Amino acid sequence: MDSRTDRCLVLDSSVIIALAEANATDVLAALDAEIIVPRAVYEEVVVRGRGRPGSRELEDLAGRGKVRVLEPRDRALVEALHDPLGMGESEAIALAVERGCTVVLDDRIARLKAKSMGLRVTGTIGLLRLAYDKGLLGKDRLVQALRDLRDRGFRIPDEIIDEVLKKLK
């Protein structure tokens, strides 16, 4: 990520849920970046997802002002993106466009759409790697987080984990 866009990150629900399942939501509060969650993502994770992974963590982060919950102004863009994307992904992409942020998505179709719009895109693994690069996660904790994600159904082939480990400083 470059210095302009990694100062502002817009997260989709899958990222928050994955970080919660890997016990790594604390990195969001520690990153030297503005962390934004679209209103639709907050509703999905905290309101409709009450009691599920990520709900308590996102509510706490937002309550402490570590995560900003925003709605995109360009509703026409959100609606145009909503087919075939989910509302959270659509709002995340729209907010990233409006604010010049990196969008953090795991869904392949959403990532392709965001890239086709010229946005910087990363995912949960990229965010964990950023936290490692900034000294917020040690190597052992990064490896454990990746394994925890895989054990909980997050599709991470061994080759990806090996590739991430090879690139570590």
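Q: What does buried mean for a residue here?
A: Buried means under 20% relative accessible area. This is a predicted model, and in it both Cys-8 and Cys-101 are buried.

Q: How many disulfides are there, and which residues form a disulfide?
A: The rule asks for a pair of cysteine sulfur atoms within 2.5 Å. The count comes to one disulfide. Cys-8 and Cys-101 form it, with their sulfur atoms 1.7 Å apart. The link is right-handed, with 55° about the S-S bond.

Q: Which parts does the pair tie together?
A: Look up where each cysteine lies. Cys-8 is in strand E1 (residues 8-11). Cys-101 is in the loop between helix H6 (87-99) and strand E4 (102-104). The pair therefore ties together parts that are 93 residues apart in sequence.

Q: What is the order of the strands in the sheet?
A: Read across the sheet, strand by strand. The order is E3-E2-E1-E4-E5, in an open sheet of five strands with parallel pairing.

Q: Why is one side of E3 and of E5 left without a neighbour in the sheet?
A: Strand E3 (68-70) and strand E5 (121-122) stand at the edges. Each has a single partner strand, so one side of each has no neighbour in the sheet. For E5, look at its pairing with E4: the sense is parallel, over two bridges. Val-103 stands opposite Val-121 in E5.

Q: Where does Glu-44 lie, and what is it in contact with?
A: Glu-44 lies in helix H3 (residues 39-47). Its relative accessibility is 33%, so Glu-44 counts as partly exposed. Leaving aside neighbours within four places in sequence, Glu-44 is in contact with Ser-13 and Gly-49. Ser-13 is 31 residues away from Glu-44 in sequence, but 7.3 Å away in space, C-alpha to C-alpha.

Q: Which residues lie nearest the centre of the largest pocket?
A: Take the volume, then the lining. The largest pocket holds about 480 Å³ of space. Its lining has 15 residues, and Asp-106, Asp-107, Arg-108, Phe-154 and Arg-155 lie nearest the centre. Helix H7 (108-116) and helix H8 (124-133) each supply at least two lining residues. H7 gives the most, with four. By class, the lining has three nonpolar, six polar and six charged residues.

Q: What lines the second largest pocket?
A: Read it the same way. Its volume is about 190 Å³. The lining is Ile-125, Gly-126, Arg-129, Ile-160, Glu-163, Val-164 and Lys-167. H8 and helix H10 (158-166) are the elements that give two or more of the lining residues. By class, three are nonpolar, one is polar and three are charged.

Technical notes
Residues numbered from 1 in each chain as written. Predicted model: local features only at pLDDT ≥ 70, side-chain atom pairs only at ≥ 80, totals over all residues. Heavy atoms only, no water. Buried < 20%, exposed > 50% of the residue type's maximum accessible area, 1.4 Å probe, protein only. Pairing = 2+ DSSP bridges. Contact = heavy atoms within 4.5 Å. 1 Å grid on protein atoms, 1.4 Å probe; cavity = no way out; pocket = protein on both sides within 12 Å on 5 of 7 lines; lining within 4 Å. Points joined across faces, edges and corners; volume = space filled by probe spheres on them. Nonpolar A, V, L, I, M, F, W, Y, C, P; charged D, E, K, R; others polar.
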